[in-house]
Amino acid sequence: MSVSLEDVLVKASGHIETDVGQETLLLSVKSGRYFSFDGTARDIWVSIDREMSVRDIVEEQIQKYDVDPSVARDDTLAFLGDLLDHQLVAHRQVDSLSNGG
Amino acid sequence: MDIKLKRYTSAGLVIESAFDLPGLDCAESIEGAAQLQYIGAEHMPGPNHHHLSPGVNWSSEGETLKFFVPDVAVFEVSTSGIVRVFPETKDLSDIGVFLVGSVLGIALHLRRIVTIHASAVKVGDGAVMFCGESGAGKSTMAAAFQMRGFEVLCDDLCALDVSRDTAALYSDGRKLKLWGDALERLGLENLAEKPVQRGVDKYFVSSNSKRSSSAPIRAIFELKKSGEATTPKLVPVSAAEAAALIHRNAYRPSIIEQLDDHKLYFEAAVRLVHCSSIYRLERAHDFDQIENVMEEIQRAW
């Protein structure tokens with residue numbers, strides 16, 4: 001599933017997560033699969049809670065890690081695409097955008 | 001006429017049973033109220049309970065879980081701790097094998113006690129667990145460490161206490177169960193007792209396990225057979241792999257799905273990741289290598 005820079009993603013329901021040291025450990029109850037995120041992956045996972053656009057998440061990565069913008073963009077889009085494929089995140093609905101201001 | 005129930009302990013529970021429980025220590029001196037009672041019952045009325053999908057041998061109804069073993073018994077396990085046994089055989093010794101295994105596992109699940117398919121030995125003040133699929137060598141490893149002077153804490157199932165800051169397991173004083181070839185290769189034939197089940201080349205073996213002690217878990221090793229490994233390979237696993245390892249080595253993992261106990265096992269896995277070292281041990285299934293494998297394990301724990 002594809003993700004664009006204008007998208008805003010939200011965490012999907014149906015998973016349990018907790019922090020273990022420097023990692024976030026997560027169980028998808030639906031699939032029974034476990035995931036762990038550390039480093040930049042964990043940063044991005046936390047950013048999703050703030051309902052930022054993908055463009056803003058990429059910008060944050062560039063600022064924080066002083067990384068080449070095209071590398072940050074491609075890596076972030078790929079990671080978010082994986083999260084979508086595993087149904088750990090979903091696109092924020094347009095209705096909630098308009099209703100939520 | 002009242003039937004005298006025998007008293008046992010296993011997995012941290014006091015059990016009263018109308019049936020002999022093979023491999024467990026029976027003692028009148030066991031104190032405390034029973035948390036589990038195995039009682040006999042007449043044949044179950046109602047629809048034929050064997051009309052289930054192939055491979056499915058249990059079903060749940062409210063707070064009761066029924067476990068079917070054709071030509072042996074139907075076991076009705078309730079959250080109250082009462083297990084009604086409807087025999088389908090005249091040889092009651094066949095029933096006991098299931099009461100100390102699958103039925104106990106189901107009863108522990110219903111009490112929301114995290115239960116892992118593993119053996120364990122005592123190392124210092126702590127416990128080291130060996131898990132893995134059936135035939136992976138869990139009991140053999142425990143027996144081999146018993147020969148080196150370590151106390152066996154559990155065999156087949158390990159009931160964990162994850163309610164406090166540490167993760168601990170309960171010892172239950174049960175006998176080990178070993179296949180004939182393992183007995184022979186370990187030189188333990190003289191400790192072998194009766195077969196676990198009629199016609200099966202697997203035997204109860206005296207263990208030095210003491211009942212009712214518990215110990216914090218310090219390490220977990222998942223035993224994996226590898227056709228390629230010429231020398232044992234110990235691989236520390238990530239937190240996510242460790243959590244998946246705990247889940248797949250749960251005793252009857254399908255019951256976790258049925259009882260929707262994902263959160264309980266997830267939290268237990270997190271506690272175990274914090275409190276213990278977790279490894280995958282890949283080695284050839286070769287008795288000639290067991291000393292090397294044990295050395296590798298002892299270096300890691």
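This is a predicted model: local features need pLDDT of at least 70, side-chain atom pairs count only at pLDDT 80 or more; totals for chains, interfaces and linings use all residues.
1. The interface in outline. Chain B brings 11 residues to the contact and chain A brings 14 residues, and the area buried between the two chains is about 1100 Å², with carbon and sulfur atoms giving 81% of that area. On the side of chain B, the residues that lose the most area to chain A are A240(B), H262(B) and F266(B), which together make up 47% of what that side buries.

2. Which elements of chain B touch chain A. Helix 5 (239–248) and helix 7 (262–275) of chain B each supply at least two residues of the touching side, and helix 7 of chain B gives the most, with six residues. Sorted by class, the side of chain B that touches chain A holds seven nonpolar, three polar and one charged residues.

3. The sheet of chain A. Three strands of chain A form an open sheet in the order 2-3-4 with antiparallel pairing, and its edges are strand 2 (15–20) and strand 4 (33–37), each of which pairs on one side only. Direction ignored, neighbouring strands of this sheet are turned by 20° against each other on average. Strand 2 of chain A is joined to strand 3 (residues 23–28) of chain A by six bridges, and D19(A) has T24(A) in strand 3 as its bridge partner. Helix 5 of chain B packs on this sheet, where it touches strand 2, strand 3 and strand 4 of chain A, and its direction makes about 160° with that of strand 4 of chain A.

4. The hairpin in chain A. Strand 3 and strand 4 of chain A run antiparallel and are joined by five bridges, with S28(A) standing opposite R33(A) in strand 4. The two strands form a hairpin with four residues between them, and G32(A) in the turn has a positive phi of about 75°.

5. Salt bridges elsewhere. Over all chains the structure holds 25 salt bridges, and one of them is formed by R55(A) with E6(A), whose closest N and O atoms are 2.3 Å apart. This pair links distant parts of the chain, given that R55(A) lies in helix 2 (residues 54–65) of chain A and E6(A) in the segment before strand 1 (9–11) of chain A, 49 residues apart.

6. The sheet of chain B. Seven strands of chain B form an open sheet of mixed pairing in the order 1-2-3-7-6-5-4, and the edge strands, each pairing on one side only, are strand 1 (6–10) and strand 4 (58–61) of chain B. Strand 1 pairs with strand 2 (residues 13–17) of chain B in the antiparallel sense over five bridges, and R7(B) has E16(B) in strand 2 as its bridge partner. Helix 2 (residues 102–110) of chain B packs on this sheet and touches several strands, including strand 5 (64–69) and strand 7 (82–87), while its direction makes about 20° with that of strand 6 (73–78) of chain B.

Note on methods. Residues are numbered from 1 along each chain as its sequence is written. Chains are lettered from A and ligands numbered from 1 in the order in which they are written. Side-chain values use heavy atoms; hydrogens and water are left out. Contact means heavy atoms within 4.5 Å. Buried area is the accessible area (1.4 Å probe) that two parts lose on being put together, summed over both. Ala, Val, Leu, Ile, Met, Phe, Trp, Tyr, Cys and Pro count as nonpolar, Asp, Glu, Lys and Arg as charged, and the others, Gly among them, as polar. Two strands pair if DSSP finds at least two bridges between them. Axes are lines fitted to C-alpha atoms, for helices over the stretch in contact, and angles run from 0 to 180 degrees between N-to-C directions. A salt bridge is a side-chain nitrogen of Lys or Arg within 4 Å of a carboxyl oxygen of Asp or Glu.
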